[in-house]
Amino acid sequence: MSSVDVRDTRGFTLVEVLVALMLTVLLGGILFQIVRGQARFTTVQSARQEVQQNARGAMEIVGSELRAVQDSGLIEATANSITFLLPRAWGVSCRPTGGTTMEVIFPTVPDTTVMFAMNGASGLLADTSAVAGTPGWGPLPAANGFGGRATVTSVAAQNPRLGAAGNVCAAIRPDSAPARVQGLLVNGSNLPAVPAGNSVYIYQVARYDVSLVRNEYWIRRSNGLPGDANQQALAGPLTSAAGLAFTYHRADGTEIVPGTDLALLRQVARIAIKVATRSRSQGRANQSDSLVTSVLLRN
């Protein structure tokens, strides 16, 4: 008898194929969830970083400008908006002129014509007090229209030695210190008669409030009164119309709500600022964050 070569011709059974397929689907699903989770984590982290940067940036800008404000520089102070006089250049009165011109000596600025825009939002405050060490800033603009304030239309370079008799700046030699001081002739209206040697500063009216832009709330900065031009969307989007919030405190810590009451505005010594921003992402990646800081006004 001849032997027969019997070979094993069996393959995978149906059960084995189904088990392998199930394992492949299971592993694929696990890998997909891991990749999806990583992508979601990255999106959330990116959104969180976005809102933190927006909140921090807005806080830095608003806080830095308010730190320059004098205690007489607030014009309107509400829960979600603030209007104030932002100093642009500090100087010293050379002699007690007033009305439409004033001789002032300032630290040298690169170009007085572009120092800032001279417009309806430009003005001047000066220490009109004759008592040393007891400043009396004026003319203080009234709220609701800024009546009575001193406006500035232009500044022009002027050699401080050319002033009239009694000019305290006449002894200064600008040619010996050209990089430090310069004489300026300030032109405007309602300029006060300031004792020689008293402090003066030119300001711009600045305002922060909340504006609705394409169905999103943004912090807006503008020069001038509400409704004036030069409005700019500064930071956002905010979590709500109350995403920019201010609270006002006297020197003893008591909280007040000044509004446009000039007597209360002069009592504000500290301002607490809260900024709450959100990301522009939708769904679960939408993140929000808030920061709070306090600003002490100068005395």
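**Contacts and ring pairs in a predicted model**

Analyst: In this predicted model, the side chains of Glu-76 and Arg-207 are joined by a polar contact of 2.6 Å.

User: What makes the pair Glu-76 and Arg-207 a polar contact?

Analyst: The distance is 2.6 Å, and the cut-off for such N or O atoms is within 3.5 Å, so the pair qualifies. Glu-76 itself lies in strand 1 (residues 74–77). Residues that Glu-76 touches include Ser-81, Thr-83 and Leu-265.

User: Thanks! Moving on to the rings, how many aromatic pairs does a search of the whole structure find?

Analyst: The search finds 6 aromatic pairs.

User: Why is the pair of Phe-84 and Tyr-208 called stacked?

Analyst: The ring centres of Phe-84 and Tyr-208 are 6.2 Å apart and the planes are at 20°. Pairing needs centres within 6.5 Å, and stacking needs planes under 30 degrees apart, so this pair is stacked. Phe-84 is in strand 2 (residues 82–93) and Tyr-208 in strand 8 (residues 199–213), so the pair ties together parts 124 residues apart in sequence.

User: How do you know whether Phe-84 is buried or exposed?

Analyst: Its relative accessibility is 0%; buried means under 20%, so Phe-84 counts as buried. Tyr-208, also with a relative accessible area of 0%, is buried.

User: And why is the pair of Trp-90 and Trp-137 called edge-to-face?

Analyst: Their ring centres are 5.8 Å apart and their planes are at 80°. Trp-90 is in strand 2 and Trp-137 in strand 5 (residues 137–138), 47 residues apart.

Terms used: Residues numbered from 1 in each chain as written. Predicted model: local features only at pLDDT ≥ 70, side-chain atom pairs only at ≥ 80, totals over all residues. Heavy atoms only, no water. Helix = DSSP H or I, 4+ residues; strand = E, 2+ residues; numbered from the N terminus. Polar contact = N/O pair within 3.5 Å; in protein donor to acceptor, adjacent residues only side chain to side chain. Contact = heavy atoms within 4.5 Å. Phe/Tyr/Trp six-rings, centres within 6.5 Å; stacked < 30°, edge-to-face > 60°. Buried < 20%, exposed > 50% of the residue type's maximum accessible area, 1.4 Å probe, protein only. Lists of a residue's contacts leave out its neighbours within four places in sequence.
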